[in-house]
Amino acid sequence: MEPVTVNFAMTRDDYMSGQLARAKSGTARTETIAVKIFGIFLILLAFLLLLTRTTQSWLSAVAMAGGIFLLFLCRPLLHAIVRRKAADDFEAGRCGMPAQTVSFDNDRVCFRTERYEGHIPYGMLARAYEDGSVFLLFTGEDECRCIPKRTLDKQNQKRVEDLLKSRMKQKFVQEGAHEWTK
Amino acid sequence: MPIQNKMSVAVPQTLTEKDYCTAYCAVKRFAFPRQRRSIRAGICLTAAALAASTIPACLNFYRTAVPSAVITAAAVILAALIWFLQPAVDSRRAAAVFRSCPLMAQPCRVTVTRDHAVVQSKYENYTEYWTDFSVCVETPELFAAACGRQRDMLILKKQDLAPKQAAAISRCLAGAFALRYYKTGR
């Protein structure tokens, strides 16, 4: 079967999406759930303090503010910080190689940039991640390559997804791509 | 002795987890000086001293020294934990990073020139210019350049080098990195 090949230059938006996806992929689901549970607990505590008509009403207000922050504001705020830092890094030229060719073959993925050429079997990738805008291929815990989905048409996106699913199995995580972005 | 313009040293090597941990700890010490355990433990001990200095005032106003004593004890315990546990935590983190990237453990050939290094293995072939790195550390066992574009760390083991080659590379890197070049364990 013909490999899926993309040739692209990283744009500011691509880089920001990639960094955001990387941050999301690094956050364990249990951490997210724990933060939400703690937020709900704080809101319940605030209501409980109000109902018991305690004299320290400021405590209730603080608990309510904390709960609302953890439930609704914490995640968007963190994402905004990541995007802002990514934009700064891109503008300062700290985004790695801007142009690259990536080829998804049956048994390996090939990367080619001005100074790098790699033919890496899927089994040697640490993990892969997909969200609504990018594919991330992790060659190690601390290093990954980002392939923006805008560079692939629908058919090729599906082929890449199928390849990663079949070759990487549980090491391939799809986040949000099917729930809210499509 | 002036640096030769056409210096080129090619070395075959295979990195081990121990090499990576040594390089990681050495680089972290110089790349992030504020994260050194002596600095962190020093901050905690300073906080402990400040808290301890409030004990007389605390006794005077509240007739108990418990709050100040608790803060002092907590800061001292934190300093001890940082001092004794940080090296182990750093090593564990380095080992996890190394194990997560099988490409790093592949036998490779590193060619060092005055301006750049070329790394060739079965799966990869890449060039890193010295200007891309933020810091370089030489230890008795290895050279480690950190924060590269392709891979976070470029490591060159001395055990695979002849003494003359090691000396030539040391001079070359010292010239290329200038004030960002550190030598430890002399």
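Predicted model: local features only at pLDDT ≥ 70, side-chain atom pairs only at ≥ 80, totals over all residues.
How many bridges join S4(A) to strand S4 of chain B, and do the two run parallel or antiparallel?

**View 1. Pairing of S4(A) with strand S4 of chain B.** S4(A) is joined by three bridges to strand S4 of chain B, residues 124-129. The two strands run antiparallel. One residue pair can be named here: A:Tyr116 has B:Tyr126, in S4(B), as its bridge partner.

**View 2. Contact between chain A and chain B.** On chain A, 15 residues are in contact with 15 residues of chain B. At least two residues of the side of chain A that touches chain B come from strand S4 (116-121), and at least two from strand S6 (134-140). The most is given by S4(A), with five residues. Sorted by class, this side of chain A holds five nonpolar, five polar and five charged residues.

**View 3. Domains of chain B.** The domain assignment divides chain B into domain 1, made up of 8-31 + 102-183, and domain 2, which covers 34-100. Taken over C-alpha atoms, the centres of domain 1 and domain 2 of chain B are separated by 35 Å.

**View 4. Contact between domain 1 and domain 2 of chain B.** Eight residues from domain 1 of chain B and eight residues from domain 2 of chain B take part in the contact. On the side of domain 1 of chain B that touches domain 2 of chain B, five residues are nonpolar and three are charged, with no polar residues.

Notes
Residues numbered from 1 in each chain as written. Chains lettered and ligands numbered in written order. Contact = placed C-beta atoms within 7 Å. Helix = DSSP H or I, 4+ residues; strand = E, 2+ residues; numbered from the N terminus. Nonpolar A, V, L, I, M, F, W, Y, C, P; charged D, E, K, R; others polar. Pairing = 2+ DSSP bridges. Domains from an automatic or database assignment.
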